[in-house]
Amino acid sequence: MAEFEVVRSAVVTAEPARVHGLINDFHKWVEWSPWEDLDPQLQRSYSGADSGIGARYAWSGNRKAGAGSMEIIGSADREIGVRLEFLKPMKATNMVTFTLDPVETGTEVTWRMTGRQTGLMGVIGKFIPMDKFVGRDFEKGLARLQQAAMTETA
């Protein structure tokens, strides 16, 4: 087993409360998630709380999108914690944390995912770090989060 961590940060030109609202509500992820365009027929379901702790989101899609679920397990002004469970194409459970730090030009958002690579992914991870699999997706998501925050402002 190989533990991994993928981290990306960007400054979003919006106040922390606006950015927090886009992350803390899974219904709003369709506006900025980097994976939303992997499958135009993606099936989504929401359960639990509308937002914040206890909010759940599940998806099922084509081979690229796979299937899984997320649950917000922590929500404070400057940090949101999410348990991410993949069912397809491979099973995995990872922890995701969004940290929101106020800066002069808006909010510095740090997106962090940690977990363990097991089975086939553990073998692949010895040669190709997890960062190569999702690092660019995080960058794309942070850029889309910026766009969504600007749209919310308008």
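Predicted model: local features only at pLDDT ≥ 70, side-chain atom pairs only at ≥ 80, totals over all residues.
Reader: Is threonine 107 buried or exposed, and in which strand is it found?

Author: Burial is assigned below a cut-off of 20% relative accessible area. Threonine 107 has a relative accessible area of 0%, and is therefore buried. This residue belongs to strand S7, which spans residues 106–117.

Reader: Which residues does threonine 107 touch, leaving aside those up to four places away in sequence?

Author: Its contacts are Ala10, Val11, Val12, Ala14, Glu15, Pro16, Val19, Leu100 and Asp101.

Reader: Which members of the largest nonpolar core touch the most other members?

Author: A core of this kind is a set of buried residues joined through side-chain atoms. Here the set holds 32 residues, and Ile23, Trp32, Phe98, Val109 and Leu145 touch the most other members. At least two residues come from each of several elements, including strand S1 (2–12), helix H1 (16–24), S7 and helix H3 (130–153). The most is given by H3, with six residues. As for valine 109, its contacts beyond four places in sequence include Ile23, Phe98, Leu142 and Leu145.

Reader: How many bridges join S4 to S5, and how many join S5 to S6?

Author: Pairing of strands is read from the bridges between them. S4 and S5 run antiparallel and are joined by nine bridges; a hairpin of two residues connects them. Alanine 76 faces glutamate 79 of S5. S5 also pairs with S6, again in the antiparallel sense, over eight bridges, and the hairpin between these strands passes through three residues. Phenylalanine 86 has alanine 92, in S6, as its bridge partner.

Methods. Residues numbered from 1 in each chain as written. Heavy atoms only, no water. Helix = DSSP H or I, 4+ residues; strand = E, 2+ residues; numbered from the N terminus. Buried < 20%, exposed > 50% of the residue type's maximum accessible area, 1.4 Å probe, protein only. Contact = heavy atoms within 4.5 Å. Core = buried A, V, L, I, M, F, W, Y, C linked by side-chain atoms within 4.5 Å.
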